[in-house]
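Me: I'd like to go through how a few labels get assigned in this model. Can you take me through them?

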Amino acid sequence: MTRIWQTLAMAAIVALLGLHCGQSADRTTQIQQVVQMQEDGRFRDAISSLREMLDENPDDPELNHLYGLSLLSTGRPALAVWSLRKASENEEFAVRDGLLLSRALMRGGS
């Protein structure tokens with residue numbers, strides 16, 4: 001009986017890891033698509049995709065960086081401030097988003 005429970009536990013762990021890896025790959029694909037939109041100058045299209053992704057994970061620094069950049073690039077600096085501030089709290093994005101945040105604050109009149 002113990003062997004059956006061990007096998008079931010291992011199967012559950014493998015299934016959970018597979019689910020996590022699938023979600024991670026899906027997230028990576030979505031981010032690559034957003035970056036491609038930005039590179040193509042399609043910032044408005046990127047905003048709608050990023051809103052959906054941020055609904056699921058509002059504290060993600062990379063998503064906040066991309067969202068803030070898109071908002072800033074579409075002439076909405078006041079809306080970009082929150083996301084850029086959030087992204088700049090992360091060490092990886094601190095300098096880049098700190099500079100973008102400064103630009104957003106200057107353009108937004110704050």
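Reply: Contact here means heavy atoms within 4.5 Å. This is a predicted model, where local features need pLDDT of at least 70 and side-chain atom pairs count only at pLDDT 80 or more, while totals for chains, interfaces and linings use all residues. Residues are numbered from 1 along each chain as its sequence is written, and side-chain values use heavy atoms, with hydrogens and water left out.

Me: Which residues is Thr-74 in contact with, leaving aside neighbours within four places in sequence?
Reply: Phe-43, Arg-44 and Ile-47. Thr-74 itself sits in the loop between helix 3 (61-73) and helix 4 (77-88); helices are DSSP runs of H or I, at least four residues, numbered from the N terminus.

Me: Why is Thr-74 called buried?
Reply: Buried means under 20% relative accessible area (1.4 Å probe, protein chains only), with exposed over 50% and partly exposed in between. Thr-74 has 15%, so it's buried.

Me: What does the side chain of Thr-74 reach?
Reply: The backbone oxygen of Leu-71, at 3.0 Å.

Me: And why does Ala-104 count as buried?
Reply: Its relative accessibility is 1%, so Ala-104 gets that label too. Ala-104 is part of helix 5 (residues 94-108) and, leaving aside neighbours within four places in sequence, is in contact with Leu-72, Pro-77, Val-81 and Leu-84.

Me: How far apart are the C-alpha atoms of Ala-104 and Leu-71?
Reply: They're separated by 9.4 Å, with the two residues 33 apart along the chain.

Note on methods: Helix = DSSP H or I, 4+ residues; strand = E, 2+ residues; numbered from the N terminus. Polar contact = N/O pair within 3.5 Å; in protein donor to acceptor, adjacent residues only side chain to side chain.
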